[in-house]
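This briefing concerns a predicted model. Please consult the sequence and the structure shown below before reading on.

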Amino acid sequence: MTSNGHFRNGSASNGAHPTDALYPFLSSGASDLQAVLREVSQSTVDKTEEIIALRETVLAQDGDRLVECAAAMAAAFGAGGRLLSFGNGGSSTDAQEVASLFLSPGGKSRPLPAFSLTNDIAVVTALSNDIGFDVVYARQIAAFGRKADIAVGLSTSGNSDNLLRAFDEAQRRGILTVGIAGYTGGKMAELNSIDYLFVVPSASVHRIQEAQTTIYHALWELTLAAFDAQAVADRTVASSESITMGPTKF
Amino acid sequence: MPAYGIDSSQVRRLFERREAPLRTLAGTADQVARTCHAMSLRFHRGGKLVVFGNGGPSTDAQHLAVEFVHPVIVGKRALPAISLTSDVATLTGIANDKGIDEVFAHQIDYLAEPADIALGLSSDGNCGNVLRGLREARDRGLLTIGMGARAAAPSRPSRAWTTS
């Protein structure tokens, strides 16, 4: 552990901003610094306990459905589908990470086609300016989406209008739809256009996003495993057929 | 359950693998708190947070920046933060002209100020451009913070290396 010596550089001023309690260090004086450090340290430990417990809840609640969803995703990739992901704010960065996990996983993992609908700032601002923010993902799905594709939308509240529109558009096109939400699922839980909806039951947006990260990392690993298992099965079938049919088949 | 080549025991193992890093993080809670304090002093001085990383961590960099600029908790004040991974024109331009190792250092050179905080993310701790960015930041007097896996911690140039 490194010691950085920054604590000698003076204490923070004692402003009376109403949000001081939310950023403890911005208002703390030297006298209570040790107390604040202890509080922040304890808060860090508490948060790790919360996310460990929350993941346990998600596993118990959705473990089997994660397997089913990953199998469906693997089948879609096997049929030539691509993964299209979307979300707003922090969830837009998760959408980008989902796409990147599949497209450029690194190491020996198999790359699969995926892209995020949040990346092209020209498209996002053009659609927002000309039509409205509600259509930024639905219109891209209308432009790109094909039947074998997979649409993955992430929201903490489950209420983002542009996600709701995107799921409806995706389902109209026969696309496999996967939703990842928080709290009690919001309006996403009321849609009938989401094939697999995973809801992280927490009241903290940050814990929700942490558990959502785990959900899509799990989906990625399981999808690759299912995809490879399917590829092995296909090869086995193909080779047994070739034996049965004889070399003249080829 | 039908045979998919995967099963729920695999899901459990996958979730279990993710517990140890959190225990490790909890074990560094004091370091996290001191890092937060050092960051708060920089924000008091008018500094901004500058975040960077490659691949998945590039999305973490963007996520971290938006948490500060637009805090999700109502009433929390906005603090200045930028991600160096968002400007594709600059990233590809610098990568093409000077090489990928310079993409963050170049932006720090022109966008960062001495009061700022540089936060570099690298899972293995070996990303050349993250290390170059942190060195550039340190040379310019920024507070430097690295985040990576525990094994990445030793002998890195940053003043705090938080594991996760």
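Which residues does A:Ala211 touch, if those up to four places away in sequence are not counted? The contacts of A:Ala211 are A:Ile51, A:Leu54, A:Arg55, A:Val58, A:Val200 and A:Ser202.

**Setting of A:Ala211**
- A:Ala211 belongs to helix 7 of chain A, which covers residues 205-245.
- A:Ala211 is classed as buried because 23 C-beta neighbours lie inside 10 Å, where 20 or more are required.
- Between A:Ala211 and A:Val67 there are 144 residues of sequence separation, and their C-alpha atoms lie 17 Å apart in space.

**Organisation of chain A**
- Chain A contains 7 helices and 5 strands.
- Along the sequence, these elements of chain A occur in the order α-α-β-α-β-α-α-β-α-β-β-α.
- Of the 250 residues in chain A, 44% are buried.
- Among contacts in chain A with a separation of 6 or more, 62% join residues 24 or more positions apart.

**Nonpolar cores**
- The largest nonpolar core comprises 64 residues.
- The residues with the most contacts inside this core are A:Ala70, A:Met73, A:Ile150, A:Ala151, A:Ala166, A:Leu219 and A:Leu222.
- A:Met73 is in contact with A:Ile150, A:Leu176, A:Leu219 and A:Thr223, leaving aside its neighbours within four places in sequence.
- Another core, of 33 residues, lies apart from the largest one and includes B:Ala81, B:Val103, B:Ala112 and B:Leu142.

Key. Residues numbered from 1 in each chain as written. Chains lettered and ligands numbered in written order. Predicted model: local features only at pLDDT ≥ 70, side-chain atom pairs only at ≥ 80, totals over all residues. Core = buried A, V, L, I, M, F, W, Y, C linked by C-beta atoms within 7 Å. Buried ≥ 20, exposed ≤ 12 C-beta atoms within 10 Å, placed from the backbone. Contact = placed C-beta atoms within 7 Å. Helix = DSSP H or I, 4+ residues; strand = E, 2+ residues; numbered from the N terminus.
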